[in-house]
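Please read the points below alongside the model. They go from the whole chain to single residues.

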Amino acid sequence: AWGLLAKMEASRVELNTITYNATVSACEKGGEWTKALELLGKMSAGRVESDTITYNAALSACEKGGQVDLALSCFCACAALLPALAR
């Protein structure tokens, strides 16, 4: 999924919340918690809106990777955005 996302970027395909969510979810399923968090950063830098699906997959990736502190940080970031995510 990471490679496909890179190919899409190289081809100048516009990446959106759905494409990022699919990739974050694939990272979660593959145990790639570092890449899942990297994608969160790329979304923010690229001004792509994250949503509850994004954060749920990132939280799960951290949890599966034994990164409890990072999962808590991610949860706190998500909780701070709850009013915006409820739209």
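1. Basis. This is a predicted model, in which local features need pLDDT of at least 70 and side-chain atom pairs count only at pLDDT 80 or more, while totals for chains, interfaces and linings use all residues. Residues are numbered from 1 along each chain as its sequence is written, and side-chain values use heavy atoms, with hydrogens and water left out.

2. Overall make-up. The protein chain contains 6 helices and 0 strands, in the order α-α-α-α-α-α from the N terminus. Helices (H or I, at least four residues) and strands (E, at least two) are DSSP runs, numbered from the N terminus.

3. Burial and surface. Of the 87 residues in the protein chain, 32% are buried. Buried means under 20% relative accessible area, exposed over 50%, and partly exposed in between (1.4 Å probe, protein chains only). The accessible surface of the chain is about 5400 Å², and carbon and sulfur atoms account for 58% of that surface. These areas come from the Shrake-Rupley method with a 1.4 Å probe; for residues, only the protein chains shown count as cover.

4. Contacts along the chain. Taking contacts between residues at least 6 apart in sequence, 52% join residues at least 24 apart. Contact here means heavy atoms within 4.5 Å.

5. Core. The largest nonpolar core has 18 residues, and Tyr20, Val24, Leu39 and Cys74 touch the most other members. At least two residues of this core come from each of helix H2 (17–29), helix H3 (33–45), helix H4 (52–64) and helix H5 (68–80). H4 gives the largest share, 6 residues. A nonpolar core is a set of buried Ala, Val, Leu, Ile, Met, Phe, Trp, Tyr and Cys residues joined through side-chain atoms within 4.5 Å.

6. Leu39. Which residues does Leu39 contact, leaving aside its neighbours within four places in sequence? They are Trp2, Leu5, Tyr20, Thr23, Val24 and Cys27.

7. H3 against H4. The axes of H3 and H4 cross at roughly 150° and come within 8 Å, so H3 is roughly antiparallel to H4. On the H3 side the contact is made by Trp33, Ala36, Leu37, Leu40 and Met43, and on the H4 side by Thr54, Tyr55, Ala58, Ala61 and Cys62. Axes are lines fitted to C-alpha atoms, for helices over the stretch in contact, and angles run from 0 to 180 degrees between N-to-C directions. Angles under 35 degrees count as roughly parallel, over 145 as roughly antiparallel, 65 to 115 as roughly perpendicular and the rest as oblique.

8. Ile53. Is Ile53 buried or exposed? Ile53, a residue of helix H4, is exposed because its relative accessible area is 52%. Ile53 and Ala22 lie 31 residues apart in sequence and 9.2 Å apart in space, C-alpha to C-alpha.

9. Arg12 and Arg47. Arg12 is in the loop between helix H1 (2–10) and H2, and Arg47 is in the loop between H3 and H4. Although not a glycine, Arg12 has a positive phi of about 65°; Arg47, also not a glycine, has a positive phi of about 60°. Arg12 counts as exposed at 77% relative accessibility, and Arg47 counts as exposed at 79%. Arg47 and Asn16 are 31 residues apart in sequence and 9.4 Å apart in space, C-alpha to C-alpha.
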